[in-house]
Amino acid sequence: MKRLLQIIILLLITACGSTKYADDRIADEKFELCSEIKYNRLITEFTPIEGKLIYKQNIHSLLENALIQEKYLTKISKNGYSELLQKAGRKEISPEFFEKFKSDLEFDPYMLFPINSYLSCYGFLFDPLKILDKSNWQYDFVLAYNKFEAYGDLKSDSKYLIDALNKIPEEKFQLIIYRKLFLDLIYVTYTQLN
């Protein structure tokens, strides 16, 4: 009887864990869908015709790859991005890098790096869908990012931005959908300086 009770308890714990995992996976999928819809609308409605569609659809990956090739980004991790944000804030990424990036693309992708475009997707997961609540990391991330904006220090090396970055679990940060916001900030920071 004791053994049967242990098995039932183990099954309940496993079931609760897999439900949490399923909810987390659903949140990732819905966040990605929301961000893709917003981004596709941006590509089709608000950007110039110039530029290859495949480049436009993958602009964040292309920028990230270029940053890796030039060794501005040393590792796709929260630490790697923290270092990258600090380099951008200290203006250690040369303007020539971004000029070469635009030249290689054969168009200026400025409009493809919309700051905060994806933040509303978090709200979408909280309110109408009710997939997330205050116990999820996304809630902590949005609060930390809002603090970054509220303090008006919109530099990429802001301690508030680094704090927001640190709210994202490392395994989630491996998904580019959670890195896009930071790539947007880096590109826009560069263009505002020039």
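Start with the whole structure: a search of it turns up two cavities of 30 Å³ or more. A cavity here is a set of points, on a 1 Å grid over the protein atoms alone, where a 1.4 Å probe fits but cannot get out. This is a predicted model, where local features need pLDDT of at least 70, side-chain atom pairs count only at pLDDT 80 or more, and totals for chains, interfaces and linings use all residues. Residues are numbered from 1 along each chain as its sequence is written, and side-chain values use heavy atoms, with hydrogens and water left out.

Next, go to the largest cavity, which holds about 60 Å³ of space (the volume filled by probe spheres set on the points, joined across faces, edges and corners). Select Phe 31, Tyr 118, Leu 119, Tyr 122, Phe 141, Ile 177, Tyr 178, Arg 179, Leu 181 and Phe 182 to show its lining (residues with an atom within 4 Å of a point). Helix H6 (119–126) and helix H10 (180–193) each give two or more residues to this lining; helices are DSSP runs of H or I, at least four residues, numbered from the N terminus.

Now select Lys 78, in helix H4 (residues 78–89). Is Lys 78 buried or exposed? Lys 78 is buried (under 20% relative accessible area, 1.4 Å probe, protein chains only), yet has no salt bridge (a side-chain nitrogen of Lys or Arg within 4 Å of a carboxyl oxygen of Asp or Glu). Then show the backbone oxygen of Ile 168, which lies 2.7 Å from a polar atom of the Lys 78 side chain.

Finally, zoom out: the protein chain has 10 helices and zero strands.

Note on methods
1 Å grid on protein atoms, 1.4 Å probe; cavity = no way out; pocket = protein on both sides within 12 Å on 5 of 7 lines; lining within 4 Å. Buried < 20%, exposed > 50% of the residue type's maximum accessible area, 1.4 Å probe, protein only. Lys, Arg positive; Asp, Glu negative; His and termini not counted. Polar contact = N/O pair within 3.5 Å; in protein donor to acceptor, adjacent residues only side chain to side chain.
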